[in-house]
Amino acid sequence: MSKQPGVLAIGFTRGALEIKQFIRQRESVVFTLLFPILLLLIFGAVFKDEIAPEVTFSQYFVAGMIASGLVNTGFQQLAITIPMERDDGTLKRLRGTPAPTASYFIGKVILVFVSMFVQVALLLAFGVALYGISLPTTPERWLTFTWVMLLGIGSSTILGIAFSVVPKSGRGASAVVSPIVIILQFFSGVFFVFTQLPTWMQNVAALFPLKWLTQGMRSVFLPDSFATQEVAQSWEHGKTALILTAWLIAGFFIAIKTFRWERS
Amino acid sequence: MSNAISVRGLVKSYGATKKAGQRIHAVRGIDLEVHTGEIFALLGPNGAGKTSTIEILEGYRSRDSGELRVLGEDPATTNLPLWRNRVGIVLQSTKDGADLSVQEILAHFAQYYSNPRDVDEVIESVGLQEKRHARGEHLSGGQRRRLDVALGIIGNPELLFLDEPTTGFDPEARRSFWELIRTLRSAGTTILMSTHYLDEAEALADRVAVMNHGVIVDCATPDRLGGRDRERVNIRWRESGSLHQELTDTPTEFLRALSARISGEIPELSVSRPSLEEIYLQMIGGQE
């Protein structure tokens with residue numbers, strides 16, 4: 001008898017399967033990949049004003065949409081698909097096989113990373129081609145881009161897993177999860193310039209990761225001079241890292257404590 | 001004879017509080033032995049505790065108390081992946097894998113096991129050759145169930161759990177499904193199944209246990225369940241224009257007397273023992 005396959009080997013197989021299923025589900029392709037581009041094109045066509053010297057709203061919006069992409073592909077995708085998999089028996093069946101629990105989550109992380117890279121790459125390509133966004137020009141900016149993206153997608157993934165216990169059923173999951181994401185987008189400096197929002201909205205948004213992700217992405221894609229236009233007149237990198245890490249750790253413990261394999 | 005499963009005094013109740021009356025006592029102390037290589041059927045009405053029992057044996061649920069050995073291990077404390085490598089589980093209806101083909105799903109799950117069966121051979125053994133490339137969402141209820149069984153046996157298990165495997169099948173599909181299960185047994189797989197269908201238990205099972213209200217009411221071969229072999233025999237016939245019926249412990253003697261009395265063929269003669277269904281209904285009815 002040969003040896004039992006390991007956690008990683010099964011995790012990679014699951015990742016490949018997750019991607020195959022993702023591609024075959026038309027809704028997921030449309031919503032995760034096409035919808036953000038569509039939004040970008042619509043907003044880009046409507047709002048062309050400069051919001052600061054050498055910064056147009058479109059550029060501000062591209063940075064915000066890239067930040068949103070981290071929330072869409074991690075939090076939103078997992079908080080909707082995991083309840084669906086709980087309902088259709090995927091989770092229960094997996095638990096009845098020798099596949100370790102960790103392999104399931106490794107598969108999810110692979111799916112999230114792949115869909116995130118595709119979405120961010122698409123947004124960047126359109127941003128560069130149509131809206132005068134330029135790729136990070138200095139190593140420092142690439143570094144910022146990398147850590148904001150990693151912390152962002154990490155906390156987004158963990159929080160999506162943690163939140164997956166909230167929707168009562170797979171069918172209703174989208175109705176519970178999507179509004180939260182859309183409201184956060186309105187509050188967090190994606191659809192509107194953050195500093196033009198009412199103070200209470202800014203304060204609410206500052207509790208959640210998306211506000212910090214949009215600000216982090218602006219620090220990567222907008223000129224340094226724009227930092228003075230932010231609420232704190234700076235990019236607040238330290239605070240951003242701290243808040244994202246706090247969400248990551250909190251989400252991790254909540255997910256471990258509350259994750260359910262079956263509908264109760 | 002070795003046992004694939006042995007259970008002593010299994011107890012399981014549900015409910016948030018320990019206050020009496022608010023807890024549901026699903027399993028109230030059962031003993032059970034499933035011999036290696038046999039098909040064992042667990043019968044009982046809804047809510048009898050069948051699913052709780054099976055899910056504890058499968059390692060899905062914890063138990064409150066009792067001794068448990070499944071393939072020599074205690075599912076609650078064993079190294080689960082190693083143990084699950086030797087066990088196959090067919091759950092009640094699932095709808096997963098809607099976007100994947102039969103071939104893809106099986107080839108994927110085969111990668112979880114140390115010694116999987118050949119994917120094509122498994123597809124053939126469950127009769128899904130023509131649906132090899134059909135996606136999960138395009139399978140009929142019966143085909144879907146065959147895929148579930150295929151997934152249950154892909155890891156080449158020593159022990160297979162089947163939870164209500166033929167619910168929703170048409171009679172023909174059930175017959176060919178039974179053939180499949182018999183083939184598995186002849187290949188040496190031990191099978192524990194739960195079912196609502198008494199004819200299914202009678203056709204397949206080497207031994208049957210009837211569960212009701214969390215206890216095992218009786219456990220025997222299908223022809224001896226509930227003292228079926230010792231029950232009185234029902235003899236019916238027509239004599240002088242009207243139908244007669246006699247329940248007797250000595251049917252042979254009674255028939256001799258009858259045939260001496262009536263010359264030639266006895267009109268409309270039938271001799272029957274109670275069906276498994278009658279015995280079963282008696283057993284669970286007596287418990288109410």
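What percentage of the contacts in chain A with a separation of 6 or more is accounted for by residues 24 or more positions apart?

Analyst: The figure is 82% for chain A. A contact here means that the C-beta atoms of two residues, placed from the backbone, lie within 7 Å. Some ground rules come next. Residues are numbered from 1 along each chain as its sequence is written, while chains are lettered from A and ligands numbered from 1 in the order in which they are written. This is a predicted model, where local features need pLDDT of at least 70 and side-chain atom pairs count only at pLDDT 80 or more, while totals for chains, interfaces and linings use all residues.

Start with the make-up of chain A. Chain A holds ten helices and two strands. Both kinds of element are DSSP runs numbered from the N terminus: helices are H or I with at least four residues, strands are E with at least two. The order along chain A is α-α-β-β-α-α-α-α-α-α-α-α.

Now its dimensions. Along the principal axes, the C-alpha atoms of chain A fill a box of roughly 70 × 35 × 30 Å. A compact globule of 264 residues would have a radius of gyration near 18 Å, and the 19 Å of chain A agrees with that. The radius is taken over C-alpha atoms, and the globule rule is 2.2 Å times the number of residues to the power 0.38. Of the 264 residues in chain A, 45% are buried. Buried means 20 or more other C-beta atoms within 10 Å of a residue's own, exposed means 12 or fewer, and partly exposed lies in between, with C-beta atoms placed from the backbone.

One backbone detail stands out for checking. A:Glu54 is not a glycine, yet its phi is positive, about 65°. A:Glu54 sits in the loop between strand 1 (50-52) and strand 2 (55-56) of chain A. It counts as exposed because it has 11 C-beta neighbours inside 10 Å.

Next, the interface. In chain A, 22 residues are in contact with 20 residues of chain B. Helix 1 (7-24) and helix 4 (90-95) of chain A are the elements that give two or more residues to this side. Helix 1 of chain A supplies the largest share, five residues. By class, this side of chain A has seven nonpolar, nine polar and six charged residues. Nonpolar covers Ala, Val, Leu, Ile, Met, Phe, Trp, Tyr, Cys and Pro; charged covers Asp, Glu, Lys and Arg; the others, Gly among them, are polar. For the complex, the predictor gives an ipTM of 0.89 and a pTM of 0.88.

Then the partner. Chain B has nine helices and twelve strands. Its C-alpha atoms fill a box of roughly 70 × 55 × 35 Å along the principal axes. Of its 288 residues, 36% count as buried. In chain B, residues 24 or more positions apart account for 66% of the contacts with a separation of 6 or more. The domain assignment of chain B, automatic or from a database, gives domain 1 (36-56 + 79-226) and domain 2 (233-272). The centres of domain 1 and domain 2 of chain B, taken over C-alpha atoms, are 43 Å apart.

Helix 5 (residues 141-153) of chain B passes a length check: its 13 residues should span 18 Å at 1.5 Å a residue, and its end C-alpha atoms are 19 Å apart, which agrees. The expected span is 1.5 Å times one less than the number of residues. Its buried residues include B:Leu147, B:Val149 and B:Ile153. The buried residues of helix 5 pack against strand 5 (87-90), helix 3 (102-110), helix 4 (119-125), strand 6 (159-163) and helix 6 (171-186) of chain B.

B:His244 lies in strand 11 of chain B. With 12 other C-beta atoms within 10 Å, B:His244 is exposed. Leaving out residues up to four places away in sequence, B:His244 touches B:Arg236, B:Trp237 and B:Glu239. B:Leu71 is in the loop between strand 4 (65-70) and helix 2 (80-84) of chain B. Its phi is near 55°, positive in a residue other than glycine. B:Leu71 counts as partly exposed, with 17 C-beta neighbours inside 10 Å.

Last, confidence. The mean pLDDT of chain B is 90, and 97% of its residues reach 70 or more. pLDDT is the predictor's confidence in each residue, from 0 to 100. Among the elements of chain B, helix 3 has the highest mean pLDDT (97) and helix 9 (residues 276-285) the lowest (85).
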